[in-house]
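Subject: A structure for you to explore

Hello,

Here is the structure I promised to pass on to you. Please open it next to this email and follow along as you read.

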Amino acid sequence: MQKDTLIQPENLLYISTQITVCIDEILFFEGDVNYTWIHFKSRKKKVLARTLSFIQQKIENQNFTRISRKFLVNRKYITETGNNFVVIANKVILPVSRRRRRNFLLYPTTMNVDNILKN
């Protein structure tokens with residue numbers, strides 16, 4: 001396995017031979033040109049030298065939805081939706097692009113923030 005290859009057996013995401021993260025701990029990914037920030041439930045962040053599109057391809061069968069050019073969110077942690085925004089479990093408000101709004105609004109969200117953050 002190459003050092004920077006991303007694969008996901010079950011709910012683990014292998015970022016490198018030294019870094020493995022649990023998909024369930026990820027709230028959302030934030031793209032920044034050729035880098036991607038991973039935002040965790042614990043409010044920690046890690047940066048990857050990969051594009052958001054690359055990561056989206058690697059986790060396409062997981063519970064993530066692209067809501068804009070910049071954000072890929074874990075649907076499990078969406079607590080509220082609006083016409084052009086979503087609220088993630090840690091009370092972060094993220095914009096939903098007009099282009100992706102229609103597909104995004106098809107996903108129901110019935111999560112309780114307090115229960116999510118306790119797990």
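Which residues does threonine 51 touch, not counting residues up to four places away in sequence? They are Val33, Asn34 and Thr36, where contact means heavy atoms within 4.5 Å.

Before going further, a note on the source: this is a predicted model, in which local features need pLDDT of at least 70 and side-chain atom pairs count only at pLDDT 80 or more, while totals for chains, interfaces and linings use all residues. Residues are numbered from 1 along each chain as its sequence is written, and side-chain values use heavy atoms, with hydrogens and water left out.

Back to threonine 51: you will find it in the loop between β5 (45-48) and α1. With a relative accessible area of 29%, threonine 51 is partly exposed (buried means under 20% relative accessible area, exposed over 50%, partly exposed in between, with a 1.4 Å probe and protein chains only). Glutamate 30 is 21 residues away from threonine 51 in sequence, and 9.5 Å away in space, C-alpha to C-alpha.

Now the overall layout. The protein has three helices and ten strands, and along the sequence they follow the pattern β-β-β-β-β-α-β-β-β-β-β-α-α. Helices (H or I, at least four residues) and strands (E, at least two) are DSSP runs, numbered from the N terminus. Of the 119 residues, 39% count as buried.

What is in the largest nonpolar core? It has 13 residues, and those with the most contacts inside it are Leu13, Ile26, Phe29, Ile59, Phe64 and Leu72. A nonpolar core is a set of buried Ala, Val, Leu, Ile, Met, Phe, Trp, Tyr and Cys residues joined through side-chain atoms within 4.5 Å. At least two residues of this core come from each of β3, β4 (35-40) and α1 (52-58). Another core, of twelve residues, lies apart from it, and includes Phe28, Phe71, Tyr77 and Val86. In soluble globular proteins, nonpolar side chains tend to be buried together.

Next, the rings. A search of the whole structure finds two aromatic pairs (rings of Phe, Tyr and Trp, the last by its six-membered ring, pair if their centres lie within 6.5 Å; planes under 30 degrees apart count as stacked, over 60 as edge-to-face and the rest as tilted). Phenylalanine 28 and phenylalanine 71 form an edge-to-face pair, 5.9 Å centre to centre with 70° between the planes. This pair links distant parts of the chain, since phenylalanine 28 is in strand β3 (residues 26-32) and phenylalanine 71 in strand β7 (residues 71-74), 43 residues apart. Phenylalanine 28 is buried, at 3% relative accessible area, and phenylalanine 71 is buried at 8%. The rings of phenylalanine 29 and phenylalanine 64 have centres 5.4 Å apart and planes at 50°, so that pair is tilted. Phenylalanine 29 and phenylalanine 64 are both buried.

Finally, look at the open sheet of three strands, in the order β8-β9-β10 with antiparallel pairing. Two strands pair if DSSP finds at least two bridges between them. β8 (78-81) and β10 (93-95) stand at the edges with a single partner strand each, so one side of each has no neighbour in the sheet. Three bridges join β8 to strand β9 (residues 85-88), and threonine 81 stands opposite valine 86 in β9.

Enjoy exploring!
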